[in-house]
Amino acid sequence: ELKVIAEARKILQDTSTGAVSQTYSFVQLGARLTTRADLASAEVVAVVRGLAKQHHSAALAQLASRLAAVAKYGAANGEDQFAKIKGLIQDMIEKLEREAQAEADEKAYCDEQIAKTEFKKGE
């Protein structure tokens, strides 16, 4: 890895004529992607954030924020962060299903009332 970093640094110095005198660092401060679990957590958060942007969904953005917090702080407590992440996603799915059912019930009620009104108008 050090050889690759040194080679990348040399390439950067060779190709950037005005910035040769500056210091380069490939170290990300605060990055915790040291294990596969950290990488998987980061990927899950990135996917949910991408879906939130794609669908302009505040609920998905909030879920992504919660997932990021669990991924960052959940492992510090020694708890299974993936169980928490799965739980958060399952809770969101259940919430969306309840909302969809409530909307379907409301639509059915409205359709029934409209049908009654139309029938009374026809008389």
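Analyst: In this predicted model, the order of elements along the sequence is α-α-α-α. The chain holds four helices and zero strands.

User: What makes H2 and H4 roughly parallel, rather than antiparallel?

Analyst: The axes of H2 and helix H4 (residues 81-122) cross at roughly 15°. Angles under 35 degrees count as roughly parallel, and the pair is therefore placed in that class. The two axes come within 11 Å, and the crossing of H2 past H4 is left-handed.

User: Which residues make the contact between H2 and H4?

Analyst: On the side of H2 they are Ala 37, Asp 38, Ala 40, Ser 41 and Val 44, and H4 supplies Gln 81, Phe 82 and Ile 85. By class, the residues of this contact comprise five nonpolar, two polar and one charged.

User: Why is Arg 49 called partly exposed?

Analyst: The relative accessibility of Arg 49 is 42%. Arg 49 belongs to helix H2 (residues 36-55).

User: What is Arg 49 in contact with, leaving aside its neighbours within four places in sequence?

Analyst: Arg 49 is in contact with Ala 64 and Ala 68, where contact requires heavy atoms within 4.5 Å. For Arg 49 and Ala 68, the C-alpha to C-alpha distance is 9.8 Å, at a separation of 19 residues in sequence.

User: How do you know whether His 56 is buried or exposed?

Analyst: His 56 has a relative accessible area of 75%. The cut-off for exposed is over 50%, so His 56 is exposed. This residue is placed in the loop between H2 and helix H3 (58-73).

User: How many residues does the chain have, and what share of them is buried?

Analyst: The chain has 123 residues, and 13% of them are buried, a label that requires a relative accessible area under 20%. The accessible surface of the chain is about 9,900 Å², with 57% of it belonging to carbon and sulfur atoms.

User: What share of the contacts between residues at least 6 apart in sequence joins residues at least 24 apart?

Analyst: The share is 32%.

Definitions and conventions: Residues are numbered from 1 along each chain as its sequence is written. This is a predicted model: local features need pLDDT of at least 70, side-chain atom pairs count only at pLDDT 80 or more; totals for chains, interfaces and linings use all residues. Side-chain values use heavy atoms; hydrogens and water are left out. Helices (H or I, at least four residues) and strands (E, at least two) are DSSP runs, numbered from the N terminus. Buried means under 20% relative accessible area, exposed over 50%, partly exposed in between (1.4 Å probe, protein chains only). Accessible areas come from the Shrake-Rupley method with a 1.4 Å probe; for residues, only the protein chains shown count as cover. Axes are lines fitted to C-alpha atoms, for helices over the stretch in contact, and angles run from 0 to 180 degrees between N-to-C directions. Angles under 35 degrees count as roughly parallel, over 145 as roughly antiparallel, 65 to 115 as roughly perpendicular and the rest as oblique. A crossing is left-handed if the near helix is turned anticlockwise from the far one by less than a right angle, and right-handed if clockwise. Ala, Val, Leu, Ile, Met, Phe, Trp, Tyr, Cys and Pro count as nonpolar, Asp, Glu, Lys and Arg as charged, and the others, Gly among them, as polar.
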